[in-house]
Amino acid sequence: MSGSRVFAARLAGTGVFDPTGDQVGKVRDVVCVLRPGHRPPRVLGLVVEVLGRRAVFLPMTRVTAVDVGQVITTGLVNMRRFSQRPTETLVLGELLDRKVTLLDDGTTVTVEDVALEQTRARDWVLQKVHVSRPAKGLRRRGETFTVDWDAVTGFALEEQGQGATNLLAAFEEMRAPDLAAVLHDLSPKRRAEVAAALDDERLADVLEELPEDDQVEILGKLEEERAADVLEAMGPDDAADLLAELPAGEAEKLLGLMEPDEAADLRRLLSYGELTAGGMMTTEPVILPPSATVAEALARVRNPDLSPALASAVYVCRPPLETPTGKYLGTCHIQRLLREPPSALVSGIVDNGLEPLLPHTALPAVTHYLATYNLVSVAVVDDNDHLVGAVTVDDVLDHLLPDDWRDRPADVEVPRGP
């Protein structure tokens, strides 16, 4: 990426640093203005993600260098949240995967990347377009090549079914919360196209990090069978929260398309009040019988799909081990597991000195309990001491924060300049 030319997709996720070498954020997208005729679009600046997954605007006039793996700024970063203006276009979010036409022969090609170049006047423009042409005849693979911006046409046209292959390739290494932030800032059309391109597991992870309005919008544009599959891939508590936002008839239709066991868990969660332990809990904590060893417990909590809060404890119960379980015996916290020999039984180190919560326990009481005992998760049992789930601190925070917390500043706002 050194020199005066840089491809936009390679900028995605690149660190943004001030002159002293301190990182202030990372690049999420490039903002440009399309111009009449075949004039190369002018690059206005970068969308930069700063602390708290907040997207801000960094004008190109404040970029002093674009080098391998880093963007250097003057050190002045405006902290007001980025809001796309009607005349602005997001290079990664809106130009990648578009179908455009080669002027010389009329062939339709797909945009895979766009190159920014700095002019002699020190302005940045979109000068090159990297495209792919479908395979012809006996060719198994299509042809890819780079052309000048003025060699293609069609960027200003509204396109349906744009796809999202190259956009997702640019953000392949992003964590689900970061990709969710990208989706939130896209247009509804592009959100739907990206959601269609994601596999069920990845889409489920991303949906869990989106505001409820975005969740409902995206789920509503999926085919019903796929929507049910995505709900199954989500955490039960998050899926239940999403179903609760849908009209009753639509939610019931989706539940009917799910596996019976998965649907039963969600129906049970939906029967509890939203701001109660039952409404916030997950039905899939780590559960082991009293005969399990410490080695088995540690192997279970190593599962990378577990959140840190869920991996912090193992719940010991008599069979059956699916919620609702047999009698709940207590909790083994990971710190205690790490101090014991691998062959020790979990039944011998279980902590049964703290009373578990009941499903109807209200949010303030749950919060007080976690804070009092310095816990990040707690068991929830029914009236017969059967484990029905566990509440984690991240679930509690989601309900304590305002509904629009993702859109609120993580720090003091500074007015955005011209």
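Helices (H or I, at least four residues) and strands (E, at least two) are taken as DSSP runs and numbered from the N terminus. The structure is a predicted model, in which local features need pLDDT of at least 70 and side-chain atom pairs count only at pLDDT 80 or more, while totals for chains, interfaces and linings use all residues. Residues are numbered from 1 along each chain as its sequence is written, and side-chain values use heavy atoms, with hydrogens and water left out.

Several features of the backbone lie in loops. Most residues other than glycine have a negative phi, and most peptide bonds are trans. Asp97, although not a glycine, has a positive phi of about 75 degrees, and is found in the loop between helix H2 (91-95) and E9. The peptide bond from Pro319 to Pro320 is cis, with omega near 0 degrees, and Pro320 is placed in the loop between strand E15 (313-317) and E16. Thr323 and Pro324 are likewise joined by a cis peptide bond, with omega about -5 degrees, and Pro324 also has its place in the loop between E15 and E16.

With a salt bridge defined as a side-chain nitrogen of Lys or Arg within 4 Å of a carboxyl oxygen of Asp or Glu, the count comes to 18 salt bridges. In one of these, the side chains of Arg133 and Asp105 meet at 3.4 Å, N to O. This pair links distant parts of the chain, 28 residues apart, with Arg133 in strand E11 (residues 124-133) and Asp105 in the loop between strand E9 (99-102) and strand E10 (108-118).

Grid points are joined across faces, edges and corners, and a volume is the space filled by probe spheres set on the points. The largest pocket has a volume of about 1,400 Å³. Of the 37 residues that line this pocket, Asp205, Glu208, Asp305, Leu306 and Ser307 are the closest to its centre. Helix H16 (393-400) is among the elements that give two or more residues to the lining, and H16 gives the most, with four residues.

Notes: 1 Å grid on protein atoms, 1.4 Å probe; cavity = no way out; pocket = protein on both sides within 12 Å on 5 of 7 lines; lining within 4 Å.
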